[in-house]
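Here is a short briefing on one protein chain.

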Amino acid sequence: QVQLVESGGGLVQAGGSLRLSCAASGRTFSNYVMGWFRQAPGKEREFVAAISWGGRRTYNADSVQGRFTISRDNAKNTVYLQMNSLKPEDTAVYYCAADLQFKTYEYDYWGQGTQVTVSS
């Protein structure tokens, strides 16, 4: 089992920035691809970004490309999502997830989520 705990969400004005963190425990962190997903009210959960086991490879959804950056610190068992130039449409609950494979769907382990609200 992998336990994931997100933090760093909050209320921010459009154009602002937030950094989300996700602390992992339970298994060897560097064995897992880490991803961020989000779910807005009334919408399905969608992929945001993923980072490979050692951090050399990342992949972002088109909707956040150039604004969001995923990174990880394997020494701290933590993955981050730096979000810049936030828009009201970025408002959602953000989840981190872990999986053994590099992909954009159906991760094995999930956190409880952290709310991000962007005001216009």
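**Fold and backbone briefing**

The protein chain has 0 helices and 11 strands (DSSP runs numbered from the N terminus: helices are H or I of at least four residues, strands are E of at least two). Its radius of gyration, taken over C-alpha atoms, is 13 Å, close to the 14 Å that the globule rule (2.2 Å times the number of residues to the power 0.38) gives for 120 residues, so the chain is as compact as a globular protein of that length.

This is a predicted model: local features need pLDDT of at least 70, side-chain atom pairs count only at pLDDT 80 or more, and totals for chains, interfaces and linings use all residues. Residues are numbered from 1 along each chain as its sequence is written, and side-chain values use heavy atoms, leaving out hydrogens and water.

**Overall shape and packing**
- The C-alpha trace spans about 40 × 25 × 25 Å along its principal axes.
- Buried residues (under 20% relative accessible area, 1.4 Å probe, protein chains only) make up 46% of the 120 residues.
- Of the contacts (heavy atoms within 4.5 Å) between residues at least 6 apart in sequence, 58% join residues at least 24 apart.

**Positive phi values**
- Most residues other than glycine have a negative phi.
- Asn77 has a positive phi near 55°. Asn77 sits in the loop between strand S7 (68–73) and strand S8 (78–83).
- Ser85 is not a glycine, yet its phi is positive, about 50°. Ser85 lies in the loop between S8 and strand S9 (92–99). Ser85 is partly exposed, at 41% relative accessibility.

Methods: Buried < 20%, exposed > 50% of the residue type's maximum accessible area, 1.4 Å probe, protein only.
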